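Subject: the structure I promised you

Hi,

Here is the structure we talked about, ready to open in your viewer. Have a look at it, then read on for what turned up.

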Amino acid sequence: MNKDFADLYLNIRNILANARISSYRAVNFAMVSAYWNIGKLIVEDEQNGNKRAEYGKAVLEELSKKLTSDFGKGFDVRELRKIRQFYLTFQIRDSLRPELTWSHYRMLLRVKNEAARIFL
């Protein structure tokens with residue numbers, strides 16, 4: 001393989017590798033944004049509706065069934081509660097960081113001290 005071809009290949013390889021990284025980050029942030037919006041809708045529904053625990057539980061259970069049917073696993077009641085808590089914890093949409101994934105935010109939700117969570 002001559003040097004010109006090797007340089008061409010490496011340049012193309014770098015372009016593709018960078019495009020994959022950018023795509024991965026964009027998809028991850030799109031999902032984080034989607035979860036934030038879902039959490040917001042759940043919270044708004046709870047605030048405008050009956051606040052009894054049975055009501056909220058029934059709504060989350062029904063949402064879980066329908067979302068799992070339409071989109072597959074990942075929408076059990078426990079996960080929907082985390083999505084709800086995500087919105088309640090990070091209510092300012094512009095504070096979401098595109099370099100953080102849903103897994104990062106799930107870890108941050110476990111940090112009870114708000115000042116420590118902001119520092120992280």
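One term before the findings: a nonpolar core here means a set of buried Ala, Val, Leu, Ile, Met, Phe, Trp, Tyr and Cys residues joined through side-chain atoms within 4.5 Å. Please also keep in mind that this is a predicted model.

First, the overall picture. The protein chain has five helices and zero strands, so in sequence order the pattern reads α-α-α-α-α. Of its 120 residues, 23% count as buried. The chain exposes about 9100 Å², and carbon and sulfur atoms supply 56% of that. As for contacts between residues at least 6 apart in sequence, 52% of them join residues at least 24 apart.

Now the core. The largest one has 19 residues, and those with the most contacts inside it are V32, Y35, F86, F90, L96, W102 and Y105. Three helices, α1 (3-48), α3 (77-89) and α4 (102-109), each supply at least two of the core residues. Which helix gives the most? That is α1, with six residues. As general background, nonpolar side chains in soluble globular proteins tend to be buried together.

Setting aside neighbours within four places in sequence, Y105 is in contact with V32, F86, F90, S95, L96, R97 and L100.

Y105 also takes part in the meeting of α3 and α4. On the α3 side the residues are E79, K82, I83, Q85, F86 and T89, and on the α4 side they are W102, Y105, R106 and L109. By class, this contact has five nonpolar, two polar and three charged residues. How do the two helices lie relative to each other? Their axes come within 10 Å and cross at roughly 75°. Angles of 65 to 115 degrees count as roughly perpendicular, and α3 and α4 are therefore roughly perpendicular to each other.

Is S64 buried or exposed? The cut-off for buried is under 20% relative accessible area, so S64, at 10% relative accessibility, counts as buried. Leaving out neighbours within four places in sequence, the residues in contact with S64 are F75, D76, V77 and L80.

Cheers

Methods. Residues are numbered from 1 along each chain as its sequence is written. This is a predicted model: local features need pLDDT of at least 70, side-chain atom pairs count only at pLDDT 80 or more; totals for chains, interfaces and linings use all residues. Side-chain values use heavy atoms; hydrogens and water are left out. Buried means under 20% relative accessible area, exposed over 50%, partly exposed in between (1.4 Å probe, protein chains only). Helices (H or I, at least four residues) and strands (E, at least two) are DSSP runs, numbered from the N terminus. Contact means heavy atoms within 4.5 Å. Axes are lines fitted to C-alpha atoms, for helices over the stretch in contact, and angles run from 0 to 180 degrees between N-to-C directions. Angles under 35 degrees count as roughly parallel, over 145 as roughly antiparallel, 65 to 115 as roughly perpendicular and the rest as oblique. Ala, Val, Leu, Ile, Met, Phe, Trp, Tyr, Cys and Pro count as nonpolar, Asp, Glu, Lys and Arg as charged, and the others, Gly among them, as polar. Accessible areas come from the Shrake-Rupley method with a 1.4 Å probe; for residues, only the protein chains shown count as cover.
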